[in-house]
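Take a look at the structure below.

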Amino acid sequence: MDAKKKDYATVTIVYWFLLLYIVAVLVWWFIALQRQNNQMYMFRVQELKKDDPAYFEKMVEIEAQRKSKTTAYVGEGATFLLLTLVGAVFVYQATRRQIRLSHQQQNFMMAVTHELKTPIAVTRLNLETLQKRKLEEAQQQKLISNTLQEANRLNDLCNNILISSQLEAGAYLLNKDELDLSKLVDDCVHNFAVRYPQRQIEGQVQPELYVEGETVLLQMLVNNLVENALKYSPKEGKVTVVLKQKHQHAVLCVMDEGAGIPDAEKKRVFEKFYRIGSENTRKTKGTGLGLYLSKKIVNDHNGQIAVTDHLPNGSNFTVTLPLT
Ligand code: ADP
């Protein structure tokens, strides 16, 4: 059993125990009050004199009092029970959410440490090799481009972490201007084609689509989506980036031929730190921040983002942004 399941189990056991205890106390309290009520009734009935001319009226009154008390107890008990149950549901959900978030945060810390260490180690090794050995020009170039790729990854990672924390704290000042989204997407696709010459990356970009937005953030959005498409699909799979106009919106689709995303996970992949599968089974590196940040950026630009299946296999991330 992993730590998360263990925590869930403990919370569930404690929770059910407390809830059952509260309900049992409530039922006990009701029985005790009802018993008292009956005793009072008997008492008052015994005190009545049979030859009293108002005997029947008094009997009716005593009976009515008993009934009204029972109704009051049932009403109070039911309200209390209802409030307890509603509160319990809230507490249960909040606790589970908290546990999930804290595990995702742990996974995130592990992933970030790993993501930071790898490019640093690779860069150091490459630089040491360049320093110590006399290499041929082609080999030198290969090492340098490899180092650059690692530096780019490091840069993307730092940007993702920095901007997501700033956006979250409300400290990021959006500086929106009218910008040429077509050019921005074209440039991103071109950069990826240079960075990944062995991959098939196709851009179908309708020119001159202008949106109101911030260049850095929108670049980050496109980069995150294309990076994921490359990361989560096989080397021979094609990645297609389409930008076109639909009514008064620019529609960006990033499609890949990977394993795709199961329906149950389609909404959750946009949650902070969320990664599909468990940390042990995941082969790819990542932090679970990319799509969370992408969604935040799209929302801040009054747009929408969703993921659907790309047929026959793979996923299709669609971003819709209002045109200026
Ligand atoms: P990261 O890639 O750093 O894990 P993201 O927030 O970018 O974080 O993605 C969250 C999760 O969604 C990923 O861990 C992966 O499981 C899944 N995912 C994202 N993009 C794709 C894709 N194109 N194909 C399949 N799965 C994807």
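In this predicted model, helix α4 packs against helix α5 through a set of residues in contact. From α4 come Leu181, Leu184, Val185, Cys188, Phe192 and Arg195. From α5 come Thr215, Leu218, Gln219, Val222, Asn223, Val226, Glu227 and Leu230. Sort the residues of this contact by type, and you get 9 nonpolar, 3 polar and 2 charged.

How do we describe such a pair? Two packed helices are described by the angle between their axes and by the distance between those axes. Here α4 spans residues 181-195, and α5 spans residues 215-231. Their axes come within 10 Å and cross at roughly 40°. Because angles under 35 degrees count as roughly parallel and 65 to 115 as roughly perpendicular, α4 is oblique to α5. The crossing of α4 past α5 is right-handed.

Now the cysteines. A disulfide is a covalent bond between the sulfur atoms of two cysteines. How many disulfides does a search of the whole structure find? It finds 0. Take Cys158, which is in no disulfide. Its nearest cysteine sulfur belongs to Cys188 and is 18 Å away. Cys158 is partly exposed, with a relative accessible area of 36%.

A disulfide needs the two sulfur atoms within 2.5 Å. Is Cys253 buried or exposed? Cys253 counts as buried, because its relative accessibility is 10% and the cut-off for buried is under 20%.

Key
Residues numbered from 1 in each chain as written. Predicted model: local features only at pLDDT ≥ 70, side-chain atom pairs only at ≥ 80, totals over all residues. Heavy atoms only, no water. Buried < 20%, exposed > 50% of the residue type's maximum accessible area, 1.4 Å probe, protein only. Axes fitted to C-alpha atoms, helices over the stretch in contact; angles between N-to-C directions. Helix = DSSP H or I, 4+ residues; strand = E, 2+ residues; numbered from the N terminus. Parallel < 35°, antiparallel > 145°, perpendicular 65-115°, else oblique. Left-handed = near helix turned anticlockwise from the far one by under 90°. Contact = heavy atoms within 4.5 Å. Nonpolar A, V, L, I, M, F, W, Y, C, P; charged D, E, K, R; others polar.
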